[in-house]
Structures are given as C-alpha cells and as structure tokens.
Amino acid sequence: MALPVGPTSLTTTKQMVLNEEKKEHKRLRCAIKTTAVVISTYLACNSIHFALYMMEMFSSHILKSEDGGFNMFYVITSDVGTILFVLCSTIRLFIYYKYNPDVKSALKTIPFLPCFAGQRLRVHYASPN
C-alpha cells in the first residue's frame, strides 16, 4: 500500500499507526483476560483432584473404611472433582466466546448457534403472490 505524500499525509499515517496500536493493545488485553480466566477456572476445578491426590499419597488411611473399601467421603469427593473437571472443560468455550472476538465471530457463523446466544433468527418469508 503506497502512502500519500504531503503535510496531511503525515497526520493520516500517524492516525493509522495509532489505530493499529490500539487494535493490537485490545487484542493483547483480550488474550491476557482469556488466559487469566482459563487458568483460574482450571485451578479452581482441579483443586479437589489435587487435594485427593495429596491425601492418597500422605494419609491414605483417612480414605479407607473399616471393611477395606473406600470411605464415602472419598467416593463423593472424587465424583464431585470429576464433575468439576467436565464443567471446567465445558465452560471454556463460553470463556473464549466472551473474551475473544475472533472466536465470537466464528461461532456466530454456525447455523442456529446465534439463537442460543440470545440473538433472534431472521426468517425471510416469500411474499404470497
């Protein structure tokens, strides 16, 4: 792209550079927010698995019942940890949708998905002639 030459072209070029810097800064902010939220949800959802792992390694007697099986606390906590792990994986799509404009625009092109995102489906009816 050839840039115009002249006194007004300098201000136009500066404005174009500033606009490009603003866009890049916004993309960087979106990437940082996305990363922070994804890492936070991952840590929150996997904290139960980590706690159970630590209990298995250092005090496994707490997790076993008298009859040799596992304690009900261990079974329920393990199931809750698994459900949280699945939930974390599921909500990641919504996190990317909220914080990443490229993903948002790509998802809006999928048929019928905009209906679920709160947008109305536009139906064009043929005029009865």
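I take a residue as buried when its relative accessible area is under 20%, as exposed when it is over 50%, and as partly exposed in between (1.4 Å probe, protein chains only). The model is predicted, so I kept local features to pLDDT of at least 70 and side-chain atom pairs to pLDDT 80 or more, while totals for chains, interfaces and linings use all residues. Residues are numbered from 1 along each chain as its sequence is written, and side-chain values use heavy atoms, with hydrogens and water left out.

**Helix α2**

I looked up helix α2 (residues 72-99), a helix being a DSSP run of H or I with at least four residues, numbered from the N terminus. Its buried residues are Tyr-74, Thr-77, Gly-81, Cys-88 and Ile-95. I also noted a bend of about 30 degrees at Ile-91, taken as the angle between axes fitted to the seven residues ending there and the seven starting there.

**Salt bridge**

I searched the whole structure for salt bridges (a side-chain nitrogen of Lys or Arg within 4 Å of a carboxyl oxygen of Asp or Glu) and found one. Arg-27 pairs with Glu-24, with the closest N and O atoms 2.7 Å apart. Both residues lie in helix α1 (residues 7-58), three residues apart, about one turn of the helix. Arg-27 counts as partly exposed because its relative accessibility is 45%, and Glu-24 is likewise partly exposed, with a relative accessible area of 45%.

**Phe-85**

Which helix holds Phe-85? I found Phe-85 in helix α2, where this residue counts as partly exposed because its relative accessibility is 41%.

Note on methods
Helices (H or I, at least four residues) and strands (E, at least two) are DSSP runs, numbered from the N terminus. The expected span of a helix is 1.5 Å times one less than its number of residues.
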